[in-house]
Amino acid sequence: MEKVFLEGPVTLCGEVAISGSKNSMSAILPAVCLKEESAVCTIENVPIIEDAFCMCEILRELGLIVDFNIPDKKINVTGKVNKHVLSEKYVSRIRASSLFLGALVSAKGEACVPFCGGDKIGERPLDIHLHVLEKFGVSAFVNKGVIECKALEYPLKGTTIFLRYPSVGATENAILLAVKAIGNTSIYNAACEPEITDLAISLNAMGAKIKGAGTNVIHVEGVRELTNLKHELIPDRLECATYLLAFAITHGYGRVTGTIPEHNIALISLLKDIGIKVNYSADKIEIDASQSSYSPMQVDALPYPGIPTDIQPLLSTLAVLCNGNSVIRDCVFVDRFYHVNEYQKMGVNVTKSYNQAFVSGPQKFMGATVTGEDIRTVTSLFLAALAAEGNTILYGYEHIKRAYEKFNIKMSAIGARIKLEEIVLQSGIQKTSLS
Ligand code: EPU
């Protein structure tokens, strides 16, 4: 586990530029598997994060030629998918590898993908993905930890699907299966996250015919071929939310640039409701959290456009500092409360019951040694450490590197006092700085 030392408390102030979206990148790179051999796909504004390197390795394993130009933040993909079997090596690291089920069945009529990995945030079944595959006439079974899929008829035929829950990944798999199927597909109760829209925009640029992405009913008319792509990823709304909450938690003030404020309307509205000043224009959000106290909050993490489950742990950190009783409920990942146990080590008491955390504030975080085992738990502990009295040693920093570009550098630039152990990233080119 990689550790980071944090000195608190600090008041953050300054400007942060937001990088491209991890979860858009994670959906669009599998979609590139559907391209014709001669087509060239270029993805721009790629975040320089470990998950992006991992996705590139998976594409290379499938036979594609991938050039990741780090200074230009650009991934160029040429060549052709020449196999349908993936090894565990990279797939086991990220949840989004489940999208290779849809991508490979769509491209080759079959797929063998080991059970995907990703964050430990409670139960993450694949039943909705399997239901989608079944609707397209694909047999899927698990053999020694590998999901083996085979289309009973190929090319696939368009179909009508109702998702029992608007799963992001299952909606993306349904789109990937539908774009080259013969005839029309309708997906009801689809997820509406901006990353689904970004995937649809990319596929449409390659020649697909997808309508309704961003709403809960998506219609797809199958096409024979998908060709070239040049696409700039949307900004990462979760990275943006993280910095807004970092300013809030440290009673700081600053500006987040290169973002799409509309993607964070639920959070902006919540921050205003508890007494924090937030203003936004086309692509920036300004926050002034210099007030001495905030009102308590009632939060329900929900599918988009609700408060994202990914920032629920960070909001729990903020709730600790609010003046009164807050309730934080996660309706997406009901067990996503690992941060709460670690708070106890920082001298903070939060009661948990099923999918809710009850916080009686304000309480003070005290520096301690804490550990997180998924991206957002580690991030919420990082933010708690910024507000804490004294020094914190935080284990699990490698999870932050999966999702946040230059996190230590961006945080240091706005006033965080951080020291990292020296580590070489998978890219081999970027060493951590001591700040
Ligand atoms: N679910 C099922 N069965 C399924 C699929 C999902 O029961 O077959 C349940 C899950 O257990 C969960 C809920 O449905 O309770 C939502 O899961 P969803 O499928 O929507 O999530 P995902 O596609 O696995 C993506 C993001 C997550 C984000 C969720 C929810 C990517 C790569 N991951 O995951 O991001 O939390 O949507 O918005 O896009 C993160 O960035 O830290 C992260 C975990």
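The largest cavity is where I would like to begin, and its lining is made up of Ser 19, Gly 20, Lys 22, Pro 47, Ile 49, Asp 236, Glu 239, Ala 403, Tyr 404 and Glu 405. Please keep in mind throughout that this is a predicted model. The volume of that cavity comes to about 30 Å³, and the structure holds one cavity of 30 Å³ or more. Sorted by class, the residues around the cavity are four nonpolar, two polar and four charged.

Two or more lining residues come from each of helix 1 (22-31), helix 5 (127-135), helix 6 (168-178), helix 8 (237-249) and helix 12 (375-387), and it is helix 1 that gives the most, with four residues. In terms of class, the lining of this pocket has 21 nonpolar, 10 polar and 17 charged residues.

Next, the ligand. There are 24 residues around the ligand, and Ile 128, Ser 167, Val 168, Asp 310 and Val 332 come nearest. Which backbone atoms lie 2.8 Å from an oxygen atom of the ligand? A polar backbone atom of Val 168 is at that distance from a ligand oxygen, and so is a polar backbone atom of Gly 169. For Val 332, a backbone N or O atom lies 2.5 Å from an oxygen atom of the ligand.

Let me now move to strand 8, residues 146-151, where Ile 147, Cys 149 and Ala 151 form the covered face, while Val 146, Glu 148 and Lys 150 form the uncovered one. Strand 8 pairs in the antiparallel sense with strand 6 (residues 110-114) over five bridges, and within that pairing Ala 111 has Cys 149 as its bridge partner. Strand 7 (residues 138-143) also runs antiparallel to strand 8, joined to it by six bridges, and here Val 138 is partnered by Ala 151. Strands 7 and 8 make a hairpin with two residues between them, and Lys 144, in the turn, has a positive phi of about 50°.

Finally, some backbone details in the loops. The peptide bond from Tyr 154 to Pro 155 is cis, with omega near 5°, and Pro 155 sits in the loop that runs between strand 8 and strand 9 (160-162). A cis peptide bond also links Gly 361 to Pro 362, with omega near 0°, and the place of Pro 362 is the loop between strand 20 (356-361) and strand 21 (369-371).

Asn 189 counts as partly exposed because its relative accessibility is 23%, which falls between the limits of 20% for buried and 50% for exposed.

Conventions
Residues are numbered from 1 along each chain as its sequence is written. This is a predicted model: local features need pLDDT of at least 70, side-chain atom pairs count only at pLDDT 80 or more; totals for chains, interfaces and linings use all residues. Side-chain values use heavy atoms; hydrogens and water are left out. Ala, Val, Leu, Ile, Met, Phe, Trp, Tyr, Cys and Pro count as nonpolar, Asp, Glu, Lys and Arg as charged, and the others, Gly among them, as polar. Buried means under 20% relative accessible area, exposed over 50%, partly exposed in between (1.4 Å probe, protein chains only). Two strands pair if DSSP finds at least two bridges between them. On a 1 Å grid over the protein atoms alone, a cavity is a set of points where a 1.4 Å probe fits but cannot get out, and a pocket is an open set with protein on both sides within 12 Å along at least five of seven lines; lining residues have an atom within 4 Å of a point. Grid points are joined across faces, edges and corners, and a volume is the space filled by probe spheres set on the points. A residue is near a molecule or strand if one of its heavy atoms lies within 4 Å of it. A polar contact is a pair of N or O atoms within 3.5 Å; within protein, one must be able to donate a hydrogen and the other to accept it, and residues adjacent in sequence count only if both atoms are side-chain atoms.
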